[in-house]
Amino acid sequence: MKSYAAVDLGASGGRVMVGRVGRHELELTEAHRFPNRPVRLPEGLRWDVLALYSAVLDGLRAAGAATGGRLDSVGVDSWAVDYGLLDADGALLGNPVHYRDARTEGIAEAVWAAVPAAELYAATGLQYVPFNTLYQLTAARSRAQFAHAKRLLLIPDLMAYWLTGEQGTELTNASTTQLVDPRTGDWSYDVAARLGIDLSLFAPLRRPGDPAGVLRGEVLEETGLTGPVPVTAVGSHDTASAVAAVPADGERFAYICTGTWSLAGLELTAPVLTEESRAANFTNELGLDGTVRYLRNIMGLWLLQECVRAWGEPDLGELLRAAAVGPALRSVVDAGDPAFLAPGRMPERIAEACRASGQPVPRTPAETTRCILDSLALAHRRAVEDAQRLAGTSADVVHVVGGGVRNALLCQLTADACGLPVVAGPTEAAAFGNVLVQARAHGLVGDRADMRRLLTRTQPLTRYEPRGGTARWRAAQERLAAR
Ligand code: LRH
């Protein structure tokens, strides 16, 4: 058995997991879990990346304590799109900006004046979300800090740089910048040139499975690990790692990666760059082995996390039990609406959306929770249905992976809404995908199907059958579309 550490950083928390892999064995244990708390400064919403890096070191120390100080490799994945800027000495310039920061407001119009939205989609295949790196960079360019920037490292690449001293740009995450051509897996030189973005800011591209250096001596000292410990590039976009760990049997499956976001769609062999696909706001991000993650971003459990925060962190289990017995589909909101992107006042914003669309206003936390879960299930249904139609393929099953696996009500409602069985698990899909890509790079597992078989054989999965009533979900979808 080999031991791999997966560093997996999410928007609300991070973890370092230890994966033990053999030809027929796969186990994942938690070495360290920590919160990721964005900080509101006068200049805006920022990530505390030094705190995250320290927590990663704590995690590697705990991983070493569990493996006798020996790790066969380390991989890093995180949320997408955000980055740190480095100066000519390789020092970080300021705190990386959070993708929920308001700086990209109104920026898209300036970008589209240079490259019309339709052309941008045909070239990069990315759905419009205001925080794609391209829009962030356009907003950043007028800032004093940018004049000193010589290098841009996406968050997982920044962590890997601090761990190893080596710089690279991992491709699955690079595909979320909106500067990559999903047909070639290379930069979209034309888009960058027309927008005046200097691609030499980015370190050379590397792919999942590529070597990414070894832990620096100081890191070994701080973590007590015995060197050399190689770092391996994984699907450094957490969603790419999670999709790699969807325990699917065959190809006719849809997936929903749940957590702060719900990323719902299909794994394809080629991008869908049609105008219809753009209008439906589907994205073509890159996955393992030249696959395309054809999916839509849905607000996800962020809606609930923000409410729970506003309600003073009540017991989630109790809240979900109360929500489960409440009336179904009483009020629904559009869980894809960017109006829910920014933090703060979430229960009020949901109530306002219900009021504005002439639906009953949820009054209690349980009612609001039910409204959120019904709305998410409905958005899952729309995305799964639209993806199949737009890609011309069909799915027999929906795999739910990530944090939402623990939310049985959400899984059941998703099965009901989609009218398809849901197979839920694993919860730590991103960490599993991270570990499996490292194991594959070291020859322990074979292709993607092999990775998925290993997961199916070793991990507990829960199946939810649809309980009927798809007509009610269709009607709710039509009601929402008509508003
Ligand atoms: C999920 C995720 C998602 C991105 C968002 C910024 O963690 O990586 O795929 O769209 O964060």
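**Close-up views of a predicted model**

View 1. In an unreviewed UniProt entry, the annotation "domain: Carbohydrate kinase FGGY N-terminal" covers residues 5-243. The structure shown is a predicted model.

**View 2. The shell around the ligand.** The ligand is surrounded by 14 residues, and the closest are Trp-79, Ala-80, Asp-238, Thr-239 and Trp-261. Of the residues in this shell, seven are nonpolar, six are polar and one is charged. Domain 1 (2-236) and domain 2 (238-425 + 461-482) both contribute residues to the shell, so the ligand lies between them.

**View 3. The annotated C-terminal region.** The unreviewed UniProt entry also carries the annotation "domain: Carbohydrate kinase FGGY C-terminal", which covers residues 254-441. Over residues 254-441 the chain is 46% helix and 17% strand, with the end C-alpha atoms 26 Å apart.

**View 4. Strand β19 and its partners.** Strand β19 (residues 397-402) is mostly covered, as five of its six residues are buried. Strand β15 (residues 253-258) runs parallel to β19 and is joined to it by six bridges. In this pairing, Cys-257 stands opposite Val-401 in β19. Strand β20 (residues 422-424) also pairs with β19 in the parallel sense, over three bridges, and His-399 stands opposite Val-423 in β20. Between β19 and β20 the chain passes through helix α15 (residues 408-418), and this β-α-β crossover is right-handed.

View 5. Seven of the seven residues of strand β18 (residues 292-298) are buried, so the strand is largely enclosed by the rest of the structure. In a regular strand the side chains alternate between the two faces of the sheet. Accordingly, Val-292, Tyr-294, Arg-296 and Ile-298 point one way from β18, while Arg-293, Leu-295 and Asn-297 point the other way, and all are buried. Strand β16 (residues 262-268) pairs with β18 in the antiparallel sense over seven bridges, and Leu-266 has Tyr-294 in β18 as its bridge partner. Strand β17 (residues 283-286) is likewise antiparallel to β18, with four bridges; here Leu-286 has Val-292 as its bridge partner. A hairpin is formed by β17 and β18 with five residues between them, and Asp-289 in the turn has a positive phi of about 55°.

**View 6. Two cis peptide bonds.** Most residues other than glycine have a negative phi, and most peptide bonds are trans. The peptide bond from Gly-227 to Pro-228, however, is cis, with omega near -10°. Pro-228 is placed in the loop between α8 (217-223) and β14 (230-232). The peptide bond from Gly-425 to Pro-426 is also cis, with omega near 0°, and Pro-426 is found in the loop between β20 and α16 (429-441).

**View 7. Positive phi in two loop residues.** Asn-281 is not a glycine, yet its phi is positive, at about 55°. The residue is in the loop between α10 (275-279) and β17. Asn-281 is partly exposed, because 16 other C-beta atoms lie within 10 Å. Leu-329, in the loop between α12 (316-325) and α13 (346-356), has a positive phi near 50°. Leu-329 counts as buried because it has 21 C-beta neighbours inside 10 Å, and the threshold for a buried residue is 20 or more.

Methods: Residues are numbered from 1 along each chain as its sequence is written. This is a predicted model: local features need pLDDT of at least 70, side-chain atom pairs count only at pLDDT 80 or more; totals for chains, interfaces and linings use all residues. A residue is near a molecule or strand if its C-beta atom, placed from the backbone, lies within 6 Å of it. Ala, Val, Leu, Ile, Met, Phe, Trp, Tyr, Cys and Pro count as nonpolar, Asp, Glu, Lys and Arg as charged, and the others, Gly among them, as polar. Domain bounds come from an automatic or database domain assignment. UniProt positions are given in the numbering used here, feature names are shortened, and annotations may be inferred rather than shown by experiment. A residue is buried if 20 or more other C-beta atoms lie within 10 Å of its own, exposed if 12 or fewer, and partly exposed in between; C-beta atoms are placed from the backbone. Two strands pair if DSSP finds at least two bridges between them. A crossover is right-handed if, with the strands pointing away from the viewer, the path from the first strand over the helix to the second runs clockwise.
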